[in-house]
Amino acid sequence: MNDTKRIGRPRGFNEKDALMAAMNVFWAKGYDGASMKDLTRAMGISGPSLYAAFGDKRALYLKTIDRYADVDACAPIVAFEAEPDIEKAVRGFLTSVISSATDPGDGTRGCFLASCVSTSVGQVEGVDERMEKAIDGTDLRLAQRFDLEKKRGVLPADFPSRLRGRLMYDMRQGFVFRGRAGWSGESLMEDIEDRVQMILAI
């Protein structure tokens, strides 16, 4: 009977919400530290429902990586792309990075890829290629924003979009590292204007 396949799945089950909940567990506890009990509790589903919808723990983990990389789950990039003024966009990107890197919250500080996924490269099959794709994709998205300003005439035609995008990404990872090491948001914000000018320097 088809109905038996739905046993264990609570009414109102939302796979996208459950996937985000699982991502937060992995983010806070790491791949090895996240137990199936942790995951099912956070996702609000039973073990059979988890396996039916997402597969085993490894498959679920890979799906959380894909979701973070493929949708607007990264607040700094969303902030960068949404602001029409390029200087404000760069500042908004860095400010969002610092905020997420220093918010004590629930353990999901910084960037999911940098804080959690990078530690499982070479350890969990399927992670390596996803990390490479995510990094390249982020570099491209950042560069495309600069390219847009070049088309508008705001930035000169020879502005090194790709290089400055990579610089922003590298700054972001540095902020994440310092934030997880205990640096305060106030201390990280002290030189933000210099960094903005460094990124936009012609």
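Me: Which residue lies over the face of F80?

Reply: A charge sits over a ring if NZ of Lys or CZ of Arg is within 6 Å of the ring centre and within 35 degrees of the ring normal. Here R145 lies over the face of F80, 5.8 Å from the ring centre. R178 lies over the face of W183, at 4.5 Å from the ring centre. Please note that this is a predicted model, in which local features need pLDDT of at least 70 and side-chain atom pairs pLDDT 80 or more, while totals for chains, interfaces and linings use all residues. Residues are numbered from 1 along each chain as its sequence is written, and side-chain values use heavy atoms, leaving out hydrogens and water.

Me: How many aromatic pairs does the structure hold?

Reply: A pair of aromatic rings is described by the distance of the centres and the angle of the planes. Rings of Phe, Tyr and Trp (its six-membered ring) pair if their centres lie within 6.5 Å; planes under 30 degrees apart count as stacked, over 60 as edge-to-face and the rest as tilted. The structure holds nine such pairs. F26 and Y31 are stacked, because their centres are 6.0 Å apart and their planes at 20 degrees. W27 and Y68 are edge-to-face, with 5.8 Å from centre to centre and 85 degrees between the planes.

Me: Which residues do ring pairs link into a cluster?

Reply: The cluster consists of F80, F93, F146 and F159, linked by ring pairs. With contact meaning heavy atoms within 4.5 Å, F146 touches residues including F80, F159 and R164.

Notes. Lists of a residue's contacts leave out its neighbours within four places in sequence.
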